[in-house]
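Let's take a friendly walk through one protein model, one piece at a time. Have the sequence and the 3D view ready, and look up each residue as you meet it.

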Amino acid sequence: GVMIQERLGFDHWPGKGTAPTPRTSHVCVAADEGHNTLLVIGGESDQSPSKTFLSDLVAFDLPKQTWQRVKPIPLDAPANFARANHTGVTVGEQVVLYAGNTRSQYLSDVVIGEYVVEDTDVPMSDPYSGAQFRHRTITTFDAPEPRCAHAACVVQDTKMMVFGGFNSRRLPSAETLLLDLPTGRWLRAGRASKKQPPPRYYAALSPGASAWSPQNNHPSSVLLFGGLGEQDRCFDDLWLYDVASEQWQQINASTMTLAPPSPDTRSRQVGLMS
């Protein structure tokens, strides 16, 4: 479904073309700065032990309401898109994929790509109709351990913030990480904060309500909600992270007036700024 912001409702768009096969634990991210195209990448066919890890890329053109298969074009070594529980964020005209898991391992790679549609010299027999995802795997420094089921969003235009996840030791993580995309350097953030969210995975991370400065449009705060923790404890807590001070603050009745009712405990949800 697609949310119509003016009336805060959902419309069902069946779409033309061939829709993706049913899946879970995939990435669905805006493929361009204008947010006219959604890009679906990877995921699992189901939750059974015999599940298939899907490697296809499919785009949905919002103005045309049309599905289109997308051909991966590697600019260096091909990336493995047959993964699940990864994240994807949009930075300008580029899509940044991070980590996730395959059937046999947890991942820590960072893949940056651009969605393009060739409109000249495209043969009629091309099943992708010129739609491509030109990508490369970037080299990063001080990389954190592999993980899946983490949360990610963009802050300050060129940084990707990552929280938590399920690490390679099969434990929930409470790490707050920042990847500076121009330099490829990872930073461990929030360690000086007096309070921090408990370890968790399958949480939602989004730029906060006070994140946008009228002067420069740079996100300066991030909201974290829900997720699963140790012994599969399900959370309903809300946290605010200030990027400048590197401080976490739990949002509750004593710090902010929240109109009841607040959401129930949950995981695998999506959180978006409206």
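## A polar contact at Thr-176

The side chains of Thr-176 and Trp-248 are joined by a polar contact of 3.0 Å. A polar contact is a pair of N or O atoms within 3.5 Å; within protein, one must be able to donate a hydrogen and the other to accept it, and residues adjacent in sequence count only if both atoms are side-chain atoms. This is a predicted model, where local features need pLDDT of at least 70, side-chain atom pairs count only at pLDDT 80 or more, and totals for chains, interfaces and linings use all residues. Residues are numbered from 1 along each chain as its sequence is written, and side-chain values use heavy atoms, with hydrogens and water left out.

Is Thr-176 buried or exposed? Thr-176 counts as buried because its relative accessible area is 4% (buried means under 20%, exposed over 50%, partly exposed in between, with a 1.4 Å probe and protein chains only). Leaving aside neighbours within four places in sequence, Thr-176 has contacts (heavy atoms within 4.5 Å) that include Met-161, Phe-163, Leu-187, Tyr-241 and Trp-248.

## The sheet around strand 15

Thr-176 belongs to strand 15, residues 176–180. Strands here are DSSP runs of E with at least two residues, numbered from the N terminus. Two strands pair if DSSP finds at least two bridges between them.

Strand 13 (residues 159–163) runs antiparallel to strand 15, joined by 5 bridges. In one of these pairings, Met-161 has Leu-178 as its bridge partner in strand 15.

Which way do the residues of strand 17 (residues 204–207) point? Ala-204 and Ser-206 point one way, Leu-205 and Pro-207 the other, and all are buried. In a regular strand, side chains alternate between the two faces of the sheet. Strand 17 pairs with strand 18 (residues 221–225) over 4 bridges. In strand 18, Ala-204 has Phe-225 as its bridge partner, and Ser-206 stands opposite Leu-223.

## Cysteines

How many disulfides does a search of the whole structure find? The count is 0, where a disulfide is a pair of cysteine sulfur atoms within 2.5 Å. Cys-148 is buried at 5% relative accessible area, and Cys-153 counts as buried at 5% too.
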